[in-house]
Amino acid sequence: MSEVRRSRSAAEGDAYRDPSAMDAASDVTRAALAAGRNPRRWGAWYVAEHRFRVMRSYTGTVVVAGIGSPLLYLYALGVGLATIVDGSVGAEPVGGVSYLVFVAPALLASAAVTVAGEEFTYPIMLGYKWNPTFSGMHAAPIRPQQVADGVILSVAVRMLVNAVLFFALMLVFGAVPAATGFLAIASAVLTGLAFGAVLMAYTSTLEEDTGQLAMVMRFVVLPMTLFSGTFFPLTVFPIWLQPIGWISPLWHGTELARVFTYGYPEPIWLTVVHVAYLVAMFAVGWVWARRIAVRRLRK
Amino acid sequence: MSQPVIVARDLVKRYGEFAAVDGISFEVAPGESFGLLGPNGAGKSTTMRMVGAVSTRTAGDLTILGLDPDRFGPEIRSQLGVVPQADNLDTELRVRENLLVYGRYFGLPRKLVAERADELLAFAQLEDKGKAKVDSLSGGMKRRLTIARALVNDPRVLLLDEPTTGLDPQARHILWDRLFRLKEQGTTLLLTTHYMDEAEQLCDRLVVVDKGTIMAEGTPAALIRRYSSREVLEMRFGSDRNADVAGRLAGIGDRLEVLPDRILVYSENGEAELERITGAGLHPITSLVRRSSLEDVFLRLTGRSLIE
Ligand SMILES: Nc1ncnc2c1ncn2[C@@H]1O[C@H](COP(=O)(O)OP(=O)(O)O)[C@@H](O)[C@H]1O
Ligand SMILES: [Mg+2]
């Protein structure tokens, strides 16, 4: 049964390349084949356009969250808390840089994860269930996989805008000593998407929200910040607690951002591991989210 | 005659062991208005989703515009307008925006979509609601907006799943009027309904569906001729007396139907039957002679009333 279904959906993807389909086709059939071309190619983008329009209705929140919260955090932690940290323990525990420089790239990465937490939870429940716009897209020529792709694409753009704003403020605060700093924008988006794609896939499996999403926020998103070396290095924990950090995408993303913004010293292989881990996590989440989209929309 | 737009042969959809659609066959010709009539749970929406190329069939053959939906879903859907049973307008967007984003799904240029959006708002009599929030619209307006949205790609076939369920009579008539115009313009309509009057108003031809199978097929008039009579006499004798009286009505009319609350007499001439009955000394509390309708057909075919 699932064999059959898989081969069918594979066939749908290939339909275009089958020249026999055009043979003996009537005018209406030919018109349909022609009209399917754009949606097959650009469908995900059309979905993203829709999502941008929805996001526009909460531009206020996006901008305030995008500028306001980094301002608040950079100032409070980087300037306020830093006077205590730098004064009392010196620069040694955080790798020889000021506390502001240490904490800023971590906040950049964690801001992307926050956006993921907002965009890949309730909006996904809405789209599948509460206000099933995803079914509407699918009733138009959009394929379920393109629904998932388009949502991810739109959130990636929001994360990018967010990270650029955040990074600009970091520059203003003098928190980016290294010239490679701008790469932290890319690593932040990757971090947000790695976590976000898996979160989206999970949310997509929910038929009903009976508190699971609140649990995810409380017991995954929030603690992740504590165990990801955001405010203090992961190494302050005993070794048996450190694996929590190793599985956390935010830890990898934070370490990566530090390498870029101030040349945090770590072996090159570890930097490669950070990137590979995030890419792999994103890939798994993405493929999974697409599968669930097919299962839920093509029922 | 030109090729049918929709061909379904022995169409089956199973959810686990349960067959929601259990071997349905029908064809719809270009420009035809075809109805699926049946009670809740008959399998109408499931059939519509398969025809709409969003649900894969378990067995049987199905082509829409000459294409197999399993392989050419997006191509088929590019030619359809779909009005689902439950509205799925984006409530986070304004009325006109709903048309704008939807038009893009068909790969149409923004400018064209914007023009069509304005035309369709006029068609749906929502010109002055373009900037309104979707949730501020009445049920009938939402339905009209959903129909407008379904027309944004200038579809060859319009699928309407219970277009007027839950609407008040006035809203329903406005909607029928809009659908009638589309029909006149040559749009092929496939619609489901559990309203008899709707089927009689809008369908050139229909199938009566129950429990996933087709019970009868034909034009509304032909079905009424075949499964009912020209007129129906409805009488109420009081719920405790109906069954008792029915026993004394042998030989009256073509056929009798005894329901808990009333007795139906099927006949060519309802008034004449009523005279015979009162002549025999039976006096109903209320009586009514009406034209026979698809409701009677359904009752005849399944022994059940259509609406709940
Ligand atoms: N996704 C589904 N999973 C399981 N059963 C379903 C599903 N969709 C519909 N059904 C069942 O199939 C039957 C037919 O449903 P439907 O096509 O919606 O009927 P109608 O539209 O005629 O009221 C119903 O008994 C319904 O419960
Ligand atoms: Mg239904």
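This is a predicted model: local features need pLDDT of at least 70, side-chain atom pairs count only at pLDDT 80 or more; totals for chains, interfaces and linings use all residues.
Student: How many salt bridges does the structure hold over all chains?
Tutor: Side chains of opposite charge can pair when their charged atoms come close. Over all chains, the structure holds a count of 35.

Student: What do the side chains of B:E75 and A:R40 join?
Tutor: These two side chains meet in a salt bridge, 2.6 Å from N to O. B:E75 lies in helix α2 (residues 73-77) of chain B and A:R40 in helix α3 of chain A, so the pair joins two chains.

Student: Is B:E75 buried or exposed, and what of A:R40?
Tutor: Buried means under 20% relative accessible area, and exposed means over 50%. By that rule B:E75 and A:R40 fall in one class, which is buried.

Student: Which residue forms a salt bridge with A:R53?
Tutor: Between chain A and chain B the count is 4 salt bridges. In the one formed by A:R53, the closest N and O atoms are 3.0 Å apart. The partner of A:R53 is B:E97.

Student: Which element gives the most residues to the side of chain A that touches chain B?
Tutor: Across the interface of chain A and chain B there are 17 residue pairs in polar contact. On the side of chain A, the elements that give two or more residues are α1 (2-14), α2 (27-35), α3 (37-56) and α7. With 10 residues, the element that gives the most is α3(A).

Student: What is the area buried between chain A and chain B?
Tutor: The size of an interface is often given as the accessible area lost when the parts come together. Here 42 residues of chain A are in contact with 37 residues of chain B. Carbon and sulfur atoms give 54% of the buried area, which is about 3700 Å².

Student: Which residues of chain B does A:T133 touch?
Tutor: A:T133 has its place in helix α7 (residues 133-139) of chain A. With a relative accessible area of 6%, A:T133 is buried. Not counting residues up to four places away in sequence, A:T133 touches A:G127 and, in chain B, B:N88, B:L89 and B:D90.

Student: Does B:S45 count as buried or exposed?
Tutor: The limit for buried is under 20% relative accessible area. B:Q85, at 41%, counts as partly exposed. B:S45 is at 17%, so B:S45 counts as buried.

Student: Which residue forms a salt bridge with B:D135?
Tutor: B:D135 counts as exposed, at 54% relative accessibility. The closest N and O atoms of the bridge are 3.8 Å apart, and the partner is B:K142.

Methods. Residues are numbered from 1 along each chain as its sequence is written. Chains are lettered from A and ligands numbered from 1 in the order in which they are written. Side-chain values use heavy atoms; hydrogens and water are left out. Buried means under 20% relative accessible area, exposed over 50%, partly exposed in between (1.4 Å probe, protein chains only). Helices (H or I, at least four residues) and strands (E, at least two) are DSSP runs, numbered from the N terminus. Contact means heavy atoms within 4.5 Å. Buried area is the accessible area (1.4 Å probe) that two parts lose on being put together, summed over both. A polar contact is a pair of N or O atoms within 3.5 Å; within protein, one must be able to donate a hydrogen and the other to accept it, and residues adjacent in sequence count only if both atoms are side-chain atoms.
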